[in-house]
Amino acid sequence: MERRDWTDGHVERWRPVLPELDADVEGAVTRMKKLSVHLRRVREQSLVDFDLDRQEFDTLHKLAGRGGTAAPSELAADLDLAPASVTGRLDAVERRGFVRRTPSTTDRRRVDVVLTDEGRSTWRGAMAFLGHEEERLLGVLDADERALLNDMLRRIMVVAEDRGGAAWD
């Protein structure tokens, strides 16, 4: 017999109240919500464990995503923030030794923000913590099942993105 989860009981409670309820839709949506909450909690714990606040992590993450070097204006765009707000963030992570500002090698009017070894190590550690949990959870599926799940979620997200038009991050 397959193990039951919290959502199975949730769906059973609501079926008599809402006879038209599609149990598969309700189950899938509820599980996605609960999984999202679980992964958010794990991510927040990783920030605590690596002594990072959300803004510091986001800044390091966006910088790492640009190969470890970016102009402050690029980070502002990536973070969807005003340039002045990014300056404050950069000041904070620079004080912690996670980044350094250096004159640009291509434009002497520009400053580049460079991820330091300590910044990269801290960011990678926080990422690995979450990554291990993601691997643990999805490890119950074989490679073909993971690919199928990924494809199905992509199809759902395409519909969501068409409707919402919102920036997804």
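**Figure 1. The whole chain and its overall dimensions.** The radius of gyration used here is taken over C-alpha atoms, and the globule rule it is set against is 2.2 Å times the number of residues to the power 0.38. For a compact globule of 169 residues that rule gives a value near 15 Å, but the chain of this predicted model has 21 Å. Along the principal axes, the C-alpha atoms fill a box of roughly 65 × 35 × 30 Å.

Figure 2. How much of the chain is buried? Buried residues account for 25% of the 169 residues. The chain exposes about 11900 Å², with carbon and sulfur atoms supplying 53% of that area. Take the contacts between residues at least 6 apart in sequence: 47% of them join residues at least 24 apart.

**Figure 3. Strand β3 and its partners.** Strand β3 covers residues 111-115, and four of its five residues are buried, so the strand is largely enclosed by the rest of the structure. Strand β1, residues 69-70, is joined to β3 by two bridges, and the two run antiparallel. Within this pairing, T69 stands opposite V114, while A70 stands opposite V113. Strand β2, residues 99-103, pairs with β3 over five bridges, also in the antiparallel sense. One place to look for this second pairing is V99, whose bridge partner in β3 is L115.

**Figure 4. D51 in the loop between α2 and α3.** Phi of D51, however, is near 50°, a positive value in a residue other than glycine. Where does D51 lie? D51 is in the loop between α2 (23-49) and α3 (54-65). Because the relative accessibility of D51 is 54% and the cut-off for exposed is over 50%, D51 counts as exposed.

**Figure 5. D80 in the loop between α4 and α5.** D80 is another aspartate to inspect, with a positive phi of about 55° although it is not a glycine. The loop that holds D80 runs between α4 (72-79) and α5 (83-95). Is D80 buried or exposed? With a relative accessible area of 70%, D80 is exposed.

**Figure 6. T7 and the residues around it.** T7 belongs to helix α1, which covers residues 6-14. The relative accessible area of T7 is 2%, so this residue is buried. Which residues does T7 touch, not counting those up to four places away in sequence? They are G27, T30, R31 and K34.

How values were computed:
Residues are numbered from 1 along each chain as its sequence is written. This is a predicted model: local features need pLDDT of at least 70, side-chain atom pairs count only at pLDDT 80 or more; totals for chains, interfaces and linings use all residues. Side-chain values use heavy atoms; hydrogens and water are left out. Buried means under 20% relative accessible area, exposed over 50%, partly exposed in between (1.4 Å probe, protein chains only). Contact means heavy atoms within 4.5 Å. Accessible areas come from the Shrake-Rupley method with a 1.4 Å probe; for residues, only the protein chains shown count as cover. Two strands pair if DSSP finds at least two bridges between them.
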